[in-house]
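I opened this notebook to record what I looked up in one protein structure. The entries follow the order in which I consulted it.

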Amino acid sequence: MDDLTAAKRLLDENPENTCALSLHGKSAVSRGRGISPLLSVLDGKENWKGACAADTVVGRAAALLYCLIGVRAVYARVAEDGAAKVFEERGIELVFERRTENIINRKGTGMCPMNVAVRNISSPKEAYAVLKEAYDGESAKWLSV
């Protein structure tokens, strides 16, 4: 089974899973919300360069973080147009179920604040610094599977 299929299978096997990574038989899942799983990967010691990811929702902010992680492909249940553009510019494969113009915030009152924070940023490193500063949620845990 290829890494993208493995990541998608991990995402789908438990409704609480929000994100999955797979790299040559090594896999992990997270149940964290928003960009917290990606910030945790970037703050951690494990190298996921070349991995494939599966995620519930991928906006521009998440796409820039995935670029910094170094993934080669991403499956998203919902992908934002801004994320698709980021991946296309960097040659990262994106497979999605549904594409949308914008990701809406959890209250349904406007755009995702993380995507707003990086709307004019194209550098993944710069985006990470801005998002790290802007994010006020809990750090996500990853479970090796």
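The entries below go from the whole chain to single residues.

**Entry 1. Overall fold**

I note at the outset that this is a predicted model. I looked up the secondary structure and found 6 helices and 6 strands in the protein. Read from the N terminus, the order of the elements is α-β-β-α-β-α-β-α-β-α-α-β. I then checked the radius of gyration, which is 14 Å and close to the 15 Å that the globule rule gives for 145 residues, so the protein is as compact as a globular protein of that length. Along the principal axes, the C-alpha atoms fill a box of roughly 35 × 30 × 30 Å.

**Entry 2. Burial, contacts and surface**

I looked up how much of the chain is covered: of the 145 residues, 48% are buried. Among contacts with a separation of 6 or more, 47% join residues 24 or more positions apart. The accessible surface amounts to about 7800 Å², and carbon and sulfur atoms hold 48% of that surface. For charge, I recorded 20 positive and 19 negative side chains. The centres of these two sets are 2 Å apart.

**Entry 3. Cysteines**

How many disulfides does the structure hold? I found 0. Cys19 is in no disulfide, and the nearest cysteine sulfur to that of Cys19 belongs to Cys52, 12 Å away. A disulfide would need the two sulfur atoms within 2.5 Å, so a distance of 12 Å rules out this pair. Cys19 has a relative accessibility of 1% and counts as buried. I next checked Cys112, which is likewise in no disulfide. Its nearest cysteine sulfur is that of Cys19, at 15 Å. Cys112 also counts as buried, with 16% relative accessibility.

**Entry 4. The loop at His24**

I looked up the loop between β1 (19–23) and β2 (26–30), where His24 lies. Is His24 buried or exposed? His24 is exposed, at a relative accessible area of 69%. I also noted its backbone: His24 is not a glycine, yet its phi is positive, at about 50 degrees. Most residues other than glycine have a negative phi.

**Entry 5. Helix α2**

I went on to helix α2, residues 36–43, which is mostly covered, with 6 of its 8 residues buried. Those buried residues are Ser36, Pro37, Leu38, Leu39, Ser40 and Val41. Which elements do they pack against? I listed β1, β2, α3, α6 and β6 as the partners.

**Entry 6. Leu65 in helix α3**

Leu65 belongs to helix α3. I found Leu65 buried, with a relative accessible area of 0%. Beyond residues up to four places away in sequence, Leu65 touches Ile35, Leu38, Leu39, Leu42, Tyr128 and Leu131. Leu38 and Leu39 are among the buried residues of α2. I also looked up Ala127: from C-alpha to C-alpha, Leu65 and Ala127 are 7.4 Å apart in space, although 62 residues separate them in sequence.

**Entry 7. Gly59**

Gly59 sits in the loop between β3 (52–58) and α3 (60–69). I found Gly59 buried at 6% relative accessible area.

**Entry 8. Phe87 in helix α4**

I looked up Phe87 in helix α4, residues 81–90. Phe87 is buried, with 1% relative accessible area. Setting aside residues up to four places away in sequence, I listed its contacts as Val58, Ala63, Tyr66, Cys67, Val74, Ile92 and Leu94.

**Entry 9. Ala140**

Ala140 is buried, at 10% relative accessible area. Apart from neighbours within four places in sequence, Ala140 is in contact with Ser30, Gly32, Ser36, Pro37 and Ser40. Phe87 and Ala140 are 24 Å apart in space and 53 residues apart in sequence. Arg90 and Ala140, 50 residues apart along the chain, are separated by 26 Å.

How values were computed:
Residues are numbered from 1 along each chain as its sequence is written. This is a predicted model: local features need pLDDT of at least 70, side-chain atom pairs count only at pLDDT 80 or more; totals for chains, interfaces and linings use all residues. Side-chain values use heavy atoms; hydrogens and water are left out. Helices (H or I, at least four residues) and strands (E, at least two) are DSSP runs, numbered from the N terminus. The radius of gyration is taken over C-alpha atoms; the globule rule is 2.2 Å times the number of residues to the power 0.38. Buried means under 20% relative accessible area, exposed over 50%, partly exposed in between (1.4 Å probe, protein chains only). Contact means heavy atoms within 4.5 Å. Accessible areas come from the Shrake-Rupley method with a 1.4 Å probe; for residues, only the protein chains shown count as cover. Lys and Arg count as positive and Asp and Glu as negative; His and the chain ends are not counted. The place of a charge is taken as NZ of Lys, CZ of Arg, CG of Asp or CD of Glu.
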